Amino acid sequence: MTSEPIGVADAPLRRKAGTRLRKAALFKQLGPGLITGAADDDPSGIATYSQAGAQFGFNMLWTMALTYPLMTAVQLVSAQIGRVTGCGLAKNIGDVFPKPLVLSLVGLLFIANTINIGANLAAMGAATQLAIGGPSHLYTVFFALASLALQMFVPYEQYARYLKWLTLVLLSYVAVVFIVKVDWVAAVKGMVAPTFPLTADSFTVIVAILGTTISPYLLFWQSSQEVEEIEQKSEAKPLAEAPEQAHHEMRRIRFDTFLGMAVSNVVAIAIMMSAAATLHAQGKTEVGSAAEAAEALRPIAGDFAFVLFSLGIIGTGLLSLPVLAGSAAYAFGESQDWKCGLENKPWEAVGFYSVIAAAIVLGLGIEFSPIDPIRALFWSAVINGFVAVPIMAAMMWVASQRSQMGRFTVTLPVLVFGWAATAVMAVAAIAMLVLNGSP
């Protein structure tokens, strides 16, 4: 009889435990970047991607290959500014532009975000009505009040954890791709060698996709969330004060942001492909909203695909509301030197939470107004297109200045792609002005 050396028998258990620990450690590195990327696929984004797939089939998939490096670069810059300086983007931009100009840009951001909140709430209410019946207005009010209550009364650390888990709802869109019948050869061709007419309609869809994937509110949110991460952890310091933390934190930011933006684009691709394989293939080329896209899927792709699509609208809506309202509150608060942060109680940061409440309540008002939410979304994209250019230009300037970033200025590749993204958004803004069309 032979005996095994001590510890050999339980080696497989130790390996499994080690694997679980490594996976847990990787998951803990995910946060601001993952949530920001997931929030990019909000109901208004879902409507844009569905429209692109319905109208042009697979021929707009190439835009995702274009936007991925650009959106990743600007989000990396935003996150790095927050982590290095310990201040949000609005505070840093205030060091570049005169305060009245910054306040004007923040005001336009608030208007665009409020319209977006209203459209997202309407889509969530409509999707719930389609799924279970009942009054859509009631569901819309419920989602608005529930989101507001969570932001105001749930501790930030716990709330951020919920948001991170909520990103899993995006997998429903990936699942839809495997339920519907996809022409994979055509999909690959649309990614690398698309064919579509160079018309005002096609360019408007391209501009809408750019405006949906590279939005100013995402920059403010991720930068401010890096500041929140510093304030939540006693050992964490701005890198300008604790350069020894740079290696670990910069690696975490890169991993978080690259993955978060990849999730955003993979989901966008899945939505476009689903719409192309079903709606476009059946000759339906107009999609008015995310809920309309879900409803149109049901007779073509079946009830299961419809349920998954509707679940995604509700889940991404819940994920996007705090990002839209919170980014406006951070921008306003930082520009006015208010006390900011979701870790504060409402009575400790009255101004900050007042902006959040105003954005959600005013957004809710759009549901009960005669304003066409789709038309409103178009004009919010116009506002975002123009606001994004000076904000991104100022952000890139801040990120390249040693006077503000010290030794942690952004690297040359990120700088190149960041300025390229700024140039693309400038062209998009001019195109919006020239085209002056409706979605």
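Colleague: Buried means under 20% relative accessible area, exposed means over 50%, and partly exposed is in between, with a 1.4 Å probe and protein chains only. Buried or exposed: which does S44 count as?

Modeller: S44 counts as buried, because its relative accessibility is 11%. Before going on: this is a predicted model, where local features need pLDDT of at least 70, side-chain atom pairs count only at pLDDT 80 or more, and totals for chains, interfaces and linings use all residues. Residues are numbered from 1 along each chain as its sequence is written, and side-chain values use heavy atoms, with hydrogens and water left out.

Colleague: Where is S44 found?

Modeller: In helix α3, residues 43-56. Helices (H or I, at least four residues) and strands (E, at least two) are DSSP runs, numbered from the N terminus. From C-alpha to C-alpha, S44 is 10.0 Å in space from G118, while the two are 74 residues apart in sequence.

Colleague: How many helices and strands does the protein have?

Modeller: There are 19 helices and 0 strands. Of the 439 residues in the protein, 55% are buried.

Colleague: What share of the contacts with a separation of 6 or more comes from residues 24 or more positions apart?

Modeller: That share is 83%. Contact means heavy atoms within 4.5 Å.

Colleague: Back to α3. At what angle do α3 and α13 pack?

Modeller: At about 45°, and their axes are 7 Å apart; helix α13 is residues 246-278. Axes are lines fitted to C-alpha atoms, for helices over the stretch in contact, and angles run from 0 to 180 degrees between N-to-C directions. The angle makes α3 oblique to α13. For the wording, angles under 35 degrees count as roughly parallel, over 145 as roughly antiparallel, 65 to 115 as roughly perpendicular, and the rest as oblique.

Colleague: Which residues of α3 and α13 meet?

Modeller: On the α3 side they are I46, Y49, S50, A52, G53 and A54, and on the α13 side A268, I271, M272, A275 and A276. The crossing of the two helices is right-handed. A crossing is left-handed if the near helix is turned anticlockwise from the far one by less than a right angle, and right-handed if clockwise.

Colleague: New topic: α6. What should the 34 residues of α6 span?

Modeller: Helix α6 (residues 99-132) should span 50 Å at 1.5 Å a residue, and its end C-alpha atoms are 49 Å apart, which agrees. The expected span is 1.5 Å times one less than the number of residues. Just after α6, G133 has a positive phi of about 80°.

Colleague: At what angle do α6 and α7 cross?

Modeller: Roughly 125°, with the axes of α6 and helix α7 (residues 136-153) coming within 8 Å. The two are therefore oblique to each other, and α6 passes α7 in a right-handed crossing.

Colleague: How many aromatic pairs are there?

Modeller: The count is 5. Rings of Phe, Tyr and Trp (its six-membered ring) pair if their centres lie within 6.5 Å; planes under 30 degrees apart count as stacked, over 60 as edge-to-face and the rest as tilted. The rings of F110 and F332 have centres 6.0 Å apart and planes at 75°, so this pair is edge-to-face. F110 lies in α6 and F332 in helix α15 (residues 303-335), so the pair ties together parts that are 222 residues apart in sequence. F110 counts as buried, at 15% relative accessibility.

Colleague: What about W221 and Y330?

Modeller: W221 and Y330 form an edge-to-face pair, at 6.2 Å centre to centre and 70° between the planes. W221 lies in helix α12 (residues 216-232) and Y330 in α15, so parts 109 residues apart in sequence are tied together. Both W221 and Y330 are buried. W221, Y330, F352 and Y353 form one aromatic cluster. As for α12, 15 of its 17 residues are buried.

Colleague: Last one: D337. Buried or exposed?

Modeller: D337 counts as exposed at 58% relative accessibility. D337 is in the loop between α15 and α16 (350-367), and its phi is near 60°, a positive value in a residue other than glycine. Most residues other than glycine have a negative phi.
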